Amino acid sequence: MKKTHKFALFILLSLACVLAVIIFWDSSRIDVLNPKGLIALKQRNLLVISTLIMLIVVVPAIVFTFVFAWKYRSDNEKAKYTPNWENSILAECIWWGIPFIIIVVLSVMVWKTSHELDPFKPLDSPTKPIRIQVVALQWKWLFIYPEEKIATVNFVQFPEKTPLNFEITSDAPMNSFWIPQLGGQIYAMSGMRTKLHLIADAPGIFNGCSANFSGTGFAGMKFIAKASTEADFDAWVSSVKKSPNHLDAKSYKQLLKPSINNKEAFYLLSDDGLFDQIIMKYMTPM
Amino acid sequence: MFGKLGLDSFTRNPIEFGAGISMVMAALAAISFLFYFKRWKWLGKEWLTSLDPKKIGVMYVVVTAIMLFKGLIDAVMMRAQQAVSVGDSYGYLASDHFQQIFSAHGATMIFFVGMGVVFGMMNLIIPLQIGARDVAFPFLNSLGFWLFAVGALLLNISLIIGEFSGAGWLGYPPLTSMEYNPGVGVDYWIWTLQVAGVGSLISGINFLVTILKMRCPGMTLMKMPIFVWSCLCCLILIIFAFPILTATLAMLSLDRFLGMHFFSASFGGNPMMFVNLIWAWGHPEVYILIFPAFGIFSEIVATFSRKYLFGYVSMVWALAAITALSFIVWLHHFFTMGSGASVNAFFGIMTMLIAVPTGVKMFNWIFTMVRGKVYLATPMLWFLGFASNFTIGGMTGVLMSVPAVDFQVHNSLFLIAHFHSVIIGGVLFGFFAGFTYWFPKFFGFKLNEKLGRYAFWYWMIGFLAAFMPLYVLGLMGATRRLDHYDHASGWQPLYVLAAVGVLLIMIGVAFQVLQIIISIRDRKKNLDTTGDPWDGRTLEWSTTSPPPFYNFAITPEVNERDPFWIKKQSGREQAKKEYKDIHMPKNTPMGLFIAGCALIFSFSMIWQIFWLAGVGALGALVLLIIHLSDDDTDYYVTVSEIEQIENRI
């Protein structure tokens, strides 16, 4: 090996070490790999299994590349040289065949999991789900609890082990609603109602954000998702109900104005149909 | 009179202004250089009006290099912002400015670096490899290039006059509607892409016909060099995909200018339609970019292993399979838009299928080395870097084609890491490999090997440092396009590492610049007098370096693949044939002038100076009619002239 190659190899290895240390240090912060809900757990497992299956092909490909480049280097007198060997049916069958079989296996997984983890599909659970309507605004998230008759901005709380039925729309450019530790992500679009069904396994505080770029204040468009016990949730709802702020068509107009890095805010919901009005606004001539 | 254009349109942001001013200064320096050495005539006659694909190819590469540099500066600025903009600190860039930078970075890299590489390489290599003297439509070729150059110019003008779009390189409506983005930025983006896109389509038609109609006698399709096959598949994609881009952007500009409702959320418009259409172009586009790189690596691996490419037929079928499949996978860019489970699963599976032919190509390259004599020259190093980076990028790509997994990584930095793995590791590394490999063919001397190796290692290590952390950041919940984040997120160390990686890449770039300068200085030492510096296999190495403007004095005839290699092996000299008159196109400035009109037109459309737009459009039309009515477009190089030129060599 030449001096420069050794040096480069050294740099590569130390780079790998730095990365490994940082990842180890922060491993509990890798949200997607630390799921706190059933959906995110299944998605994590699928991610890990698919990666392992693909490594069956990927590892040999990378290893062979370097092994053969080294073995058949021009100054290796011992290596065989057959410049006219250009085809082998057996070899072709292997590398058309094996990846194809792997893809077939993955395809079966894709078909099953796409249906099982379809964000529009309600979860099976004996507990009564809680309905939360989500509106992406410029640049904040509005959460409406139609049954509890409250609304919040950039903060959403719900009881643990209870299915969460999110209905999502937007009164702003396209956004994407994502709580990494509970599971992913669906677009929020004006005039559309998308759905996301999640569940939290234990109390905890999770980060949520918008994953689809939506303009100036995009970076500040994040929220806290808090899972609590049933009792804590009820107590929280009644505390919000004491809020002096009412959310109706008029105060919604105030909310609609673009603003960045918004603080959490809490409202008493005085207009039940607000969410539907927000969607229907785009369906009727203005 | 001047539409939206006023004195206050000129940028006052110090950073942008600085960038703009330095661009202007560089241009002024070049102009005064030309005046000083009285080279205007030379420039006009030899380059600007040239229809010689070799010269047009060099001009493509020059524009590409400038735009690559600009795109890299954008990247450095973004990563610098993200390394420091944590918690209470908001970095040195305002959100709007940061957003313009990443939008410009994406548009620059895809349309002016990626496409520039594609057409630059096609111009330089295709005619030589198929034993042709010229392309099928030399004028279209020149026009296509100049439209590409005008697009690049327009993007740079936005640095000084007005602003660029801050809505991302694919600007989804309604964010790009008049309601949310009334400024000229989005219009700059639309017209930049529109002009460059039309240029790409025109050039695409030219090269498709060139490959199909202008191959030398005996070169059947299955005897073409694999690079030409890659380009053929790439061109088919261009011809089918680019009209979609043009139409989609046209509809978006109608929405903006005339208040129509193709993509608005209300009045029956549908933004989801835009997302579908733009990716119906956008997905084939990534294969458009990677195919020529596949071809370049195929040539390089065979040449530097002194062996036939393994499984040629299989390679061609793999290309064909990818070409077909690439049109039925676009939805994987938005599994999260809420299509049904079955639709998502279908597109996921189709996407995975592409991994099969791609993997086949990888194994065929690997087995080309087996039982060969592998010379680890710089182009081969780039290949080894490509093999590992592209495989990793490919694997994460398949991972994201599983819809249920994609929900957790979509639009996160994981995605960014994925497509940079395949675009830097594939397209750019392929370009650098090809540049080093074919440089002696066009300039007559080899590039400095040592500096090339340094450049490679800095690029390689810089790439890993810049993008491996992004995979982790994505899984940590970091989305793309953030100009600020919280301390508590714990992202900062990885962002800093990524910024260091970008700096390492910039050192690699510095070595590349140095490599070119030193190589020009030492050119006498590295002269390529044989025309075949690498012991090549295909026709381009059978002519001199640099080739005469007519490429081949006698049209070659081939009976097999790798004809030049076989000729060298068998040692038989082709019987000397008589020279014949050579039919060549005359230079014309019309491509340049029409593109100039396109510049006037698109600039005035951006600023809504409609009378001037009319002038531009009319000018283009009149010039086109004048050119088409001109019958004096070609001439013959006589036998005595050919003899003179050949004897001089």
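# Reading chain A and chain B

Mentor: The accessible surface of chain A is about 13,600 Å². Carbon and sulfur atoms hold 67% of it. Such areas come from the Shrake-Rupley method with a 1.4 Å probe; for residues, only the protein chains shown count as cover. This is a predicted model, where local features need pLDDT of at least 70, side-chain atom pairs count only at pLDDT 80 or more, and totals for chains, interfaces and linings use all residues. Residues are numbered from 1 along each chain as its sequence is written, chains are lettered from A and ligands numbered from 1 in the order written, and side-chain values use heavy atoms, leaving out hydrogens and water.

Trainee: What makes chain A more spread out than a compact globule?

Mentor: Start with its make-up: six helices and 12 strands. These are DSSP runs, numbered from the N terminus: helices are H or I with at least four residues, strands are E with at least two. Now the test. The radius of gyration is taken over C-alpha atoms, and the globule rule is 2.2 Å times the number of residues to the power 0.38. For 286 residues the rule gives 19 Å, but chain A has 26 Å, well over that, so it is more spread out. Its C-alpha trace spans about 85 × 45 × 40 Å along the principal axes.

Trainee: How does the radius of gyration of chain B compare with that of a compact globule?

Mentor: A compact globule of 649 residues would have one near 26 Å. Chain B has 25 Å, so the values agree. Chain B holds 19 helices and two strands. Its C-alpha atoms fill a box of roughly 75 × 60 × 50 Å along the principal axes.

Trainee: Why does Ser210(A) count as buried?

Mentor: Buried means under 20% relative accessible area, exposed means over 50%, and partly exposed lies in between (1.4 Å probe, protein chains only). Ser210(A) has 2%, so it is buried. It sits in strand 9, residues 204–210, of chain A.

Trainee: What does Ser210(A) touch?

Mentor: Contact means heavy atoms within 4.5 Å. Skip residues up to four places away in sequence, and Ser210(A) touches Trp141(A), Asn175(A), Ser176(A), Phe218(A), Met221(A) and Thr479(B).

Trainee: Which helix holds Thr358(B), and why does Thr358(B) count as buried?

Mentor: Thr358(B) is in helix 10, residues 341–369, of chain B. Its relative accessibility is 16%, so it counts as buried. Neighbours within four places aside, Thr358(B) is in contact with Phe294(B), Ile322(B) and Phe390(B).

Trainee: How do you know how many disulfides there are?

Mentor: A disulfide is a covalent bond between the sulfur atoms of two cysteines. The rule here asks for a pair of cysteine sulfur atoms within 2.5 Å. Over all chains, the count is zero. Take Cys234(B): the nearest cysteine sulfur, that of Cys231(B), is 6.1 Å away, and Cys234(B) is in no disulfide. At a relative accessible area of 0%, Cys234(B) is buried. Cys209(A), at 13%, is buried as well.

Trainee: How much area is buried between chain B and chain A, and which three residues of chain B supply more than any other three?

Mentor: Buried area is the accessible area (1.4 Å probe) that two parts lose on being put together, summed over both. Here that is about 8,800 Å², with carbon and sulfur atoms giving 72%. Phe363(B), Arg371(B) and Gln408(B) lead, with 9% of the area that chain B buries against chain A. In contacts, 103 residues of chain B meet 95 residues of chain A.
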